Amino acid sequence: MKKAKLLILICAISLNVVFAQENIENATSFPYIEGPYLGQKPPGVTPEVFAPGIVSAEHRDLSGFFTPDMKEFYFTRKDLKNGKWSLIVFKSENNRWRESVVGPRVGRPIISPDGKTMHLGRHYIERNESGWSEVKSLGPMFDREDWGIMRLSSSAKGTYVFDDYKNNDVIRISRIKDGKREEPRLLGKEINTGRWNAHPFIAPDESYIIWDGERDSGYGDTDLYISFRQQDGSWGTAINLGDTINTSDGEAGAFVTPDEKYLFFNRNEDIFWVDTKIIETLRPH
C-alpha cells in the first residue's frame, strides 16, 4: 500500500512539474500567422474547419478554446504516431502566433470566464506569474471515484456544470449560494434525456447551456443541443442545433468564444467553428 501511494505521489509531482512551466523545447514559430483568430478568415453560418493544417492537422485535435483576451488558443492533440495526448497552446506575441506544448492532457480542459482558472475535469490549474500552477483537486465534493467527470464548465458567478460518464452519462450543476458551494444536483429531464449527455458549456451569464447528446430524434451519433434559462430560473426544453451544425457524424465539445462571436465544436477528429447567429435564431423571444 505504501509503495502504491508513493507511486501515485511521484506521478502527481511529475505531472505538476510539466504544467508549472511550458515546454519551450517543443515550441514552434509560425512567423506568417498573424491577426485575430490565428489569422483565419471568420466563417459564416456554415461550420468550417478551424485553422486547417495548423490546429486541425493530421492528428486528433479537440477541445479548442480562447482565453478572454483572445490572445491564447488552447486545444488537446492526440499524436496518432505514439498515441499520446498533449495540451497545446498558440500565443499571440506582437500580433504573431507561436505554438508550444503546455503538458500532457488532463481531463477535457476549458477556461473560466475570468481567464484565471483552467478546469480539467475534477482538477484545475490557476494562472500565475510564470504561466500555470500545479494541478489541483476541486476537493472531495467533486474528486470522487464513483463519478466520471470529463468536462466541467463554470459561469462568471462560479456555477459549475459537469458530466458524469460513470452514472448513465448525466450532467450535474453546482451553484454558489450565500458564499458557499452547493452540493451538485442532477439537471432535469430537459437536459438529462437520451443515451448520452456530456461535455457541457455554460454561458458566462448562465443564459444557456450547450452540450452533446445522443437521442432518437437526432441526426446520428452525438448532436449539439442547447437549453435556455427561463425567467423563473428553470431550464428550457433541449433544442437541437439543427442540420447545419449536426450531421450523421459526431458533434461534441462546444465552446463559445469570449467575444461571443463564434461557436467552436468537435466533429470527428477536427475542430470546427461557426457564427453564433445560430444561437440567437434559437433563443426564445
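A salt bridge is a side-chain nitrogen of Lys or Arg within 4 Å of a carboxyl oxygen of Asp or Glu. By this rule the count comes to 15 salt bridges. The model is predicted: local features need pLDDT of at least 70, side-chain atom pairs count only at pLDDT 80 or more, and totals for chains, interfaces and linings use all residues. Residues are numbered from 1 along each chain as its sequence is written, and side-chain values use heavy atoms, with hydrogens and water left out.

**View 1. Arg 127 and Glu 72 form a salt bridge (3.3 Å, N to O).** Arg 127 lies in strand β9 (residues 123-128) and Glu 72 in strand β4 (residues 72-78), so the pair ties together parts 55 residues apart in sequence. Strands are DSSP runs (E, at least two residues), numbered from the N terminus. Arg 127 is partly exposed, at 32% relative accessible area. Glu 72 is buried, at 11%. Buried means under 20% relative accessible area, exposed over 50%, partly exposed in between (1.4 Å probe, protein chains only).

**View 2. Arg 172 meets Asp 164 in a salt bridge (2.5 Å, N to O).** Arg 172 is buried at 11% relative accessibility. Asp 164 is buried at 0%.

**View 3. Asp 212 is buried yet has no salt bridge.** Asp 212 sits in strand β19 (residues 208-214). Arg 151, the nearest side chain of opposite charge, is 5.9 Å away. Lys and Arg count as positive, Asp and Glu as negative; His and the chain ends are not counted. A polar contact of 3.0 Å joins the side chains of Asp 212 and Trp 196. Another, of 3.0 Å, joins those of Asp 212 and His 199. A polar contact is a pair of N or O atoms within 3.5 Å; within protein, one must be able to donate a hydrogen and the other to accept it, and residues adjacent in sequence count only if both atoms are side-chain atoms.

Definitions and conventions
Helix = DSSP H or I, 4+ residues; strand = E, 2+ residues; numbered from the N terminus.
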